[in-house]
Amino acid sequence: MALAGFAAATALDLGSLLADWPLGHQLFKPLLMPLLVAYVLTRGAPRLLVAALLFGWGGDVALLFDADPAFLVGMGSFALGHVCYLALFGKRPADPRLAAGYAVALLGTVGLLWGDLPAELRIPVAGYSLLLTAMAWRSGSLGRRAGLGGALFLLSDSLIATGVAHWPQLPRPDFWIMLTYVASQYLLARGILAGRQVSDREEAVPATS
């Protein structure tokens, strides 16, 4: 039921963005993460996953306000969510080949955006980008689904950053930002739940000599 509600709210939010109906976006966007939280709780989600999604909700609400202080609050809330995700990934090994690609993406994106960002946002954006990139890379330690979720989160926030820097945007940029963001949170949640189930099954199998 909660998953159906999440899917419906996602469709309504994306539809509002396509229809250029700001009120619809303001109504439906704040419903997304609470509905996803309700779903993961029915699947026995760990507390850190619930916390990560709730921090995402905090960022969602903050970014509804078009002001630099709200942007910083939202970025801080998302950053706390990434810390939760990194804690969930634990010490599982991640593909070292992806590390180089993500490092290039981080340095290239921050380097290109640096001069176009407002001066007061440069250091916070750079620090946040480092944390986000680490989360995106480490997410692959839980498999392709979670790894894709991490990559989409990075893409979504990169689209936000290019908007802040006043770069040319795709038509309906908010639609693409929300599409990649909602998909990223869902895929990360599903990947973490799947990884937890695998761990539980492994612990349930008695060791053999």
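Visitor: What is the relative accessible area of Asp20, and does that residue count as buried or exposed?

Guide: Residues are read as buried under 20% relative accessible area, exposed over 50% and partly exposed in between, with a 1.4 Å probe and protein chains only. Asp20 has a relative accessible area of 52%, so this residue is exposed. Keep in mind that this is a predicted model, in which local features need pLDDT of at least 70 and side-chain atom pairs count only at pLDDT 80 or more, while totals for chains, interfaces and linings use all residues. Residues are numbered from 1 along each chain as its sequence is written, and side-chain values use heavy atoms, with hydrogens and water left out.

Visitor: With which residue does Asp20 form a salt bridge?

Guide: Side chains of opposite charge can pair when their charged atoms come close. The criterion here is a side-chain nitrogen of Lys or Arg within 4 Å of a carboxyl oxygen of Asp or Glu. Asp20 is paired with Arg172, and their closest N and O atoms are 3.9 Å apart. The pair links distant parts of the chain, 152 residues apart, since Asp20 sits in the loop between α1 and α2 and Arg172 in the loop between α7 (144–164) and α8 (173–204); helices are DSSP runs of H or I with at least four residues, numbered from the N terminus. Arg172 has 39% relative accessibility and therefore counts as partly exposed.

Visitor: How many salt bridges does the structure hold?

Guide: There are 2 in the structure. Besides the pair of Arg172 and Asp20, Asp95 forms one with Arg97, where the closest N and O atoms are 2.9 Å apart. Arg97 is exposed because its relative accessible area is 69%, whereas Asp95, at 26% relative accessibility, counts as partly exposed.

Visitor: Which side chain of opposite charge is nearest to Lys29?

Guide: Lys and Arg count as positive and Asp and Glu as negative, with His and the chain ends not counted. Lys29, which lies in helix α2 (residues 22–42), is buried yet has no salt bridge, and the nearest side chain of opposite charge, that of Asp60, is 4.7 Å away. Contact is defined as heavy atoms within 4.5 Å. Leaving aside neighbours within four places in sequence, Lys29 is in contact with Asp13, Asp60, Leu63, Leu64 and Met178.

Visitor: Is His82 buried or exposed, and with which residues is His82 in contact?

Guide: His82, found in helix α4 (residues 68–89), has a relative accessible area of 1% and is therefore buried. Beyond its neighbours within four places in sequence, His82 is in contact with Tyr128, Leu131, Leu132, Met135, Phe153 and Asp157. The C-alpha atoms of His82 and Thr133 are separated by 9.5 Å, although these residues are 51 residues apart along the chain.

Conventions. Helices (H or I, at least four residues) and strands (E, at least two) are DSSP runs, numbered from the N terminus.
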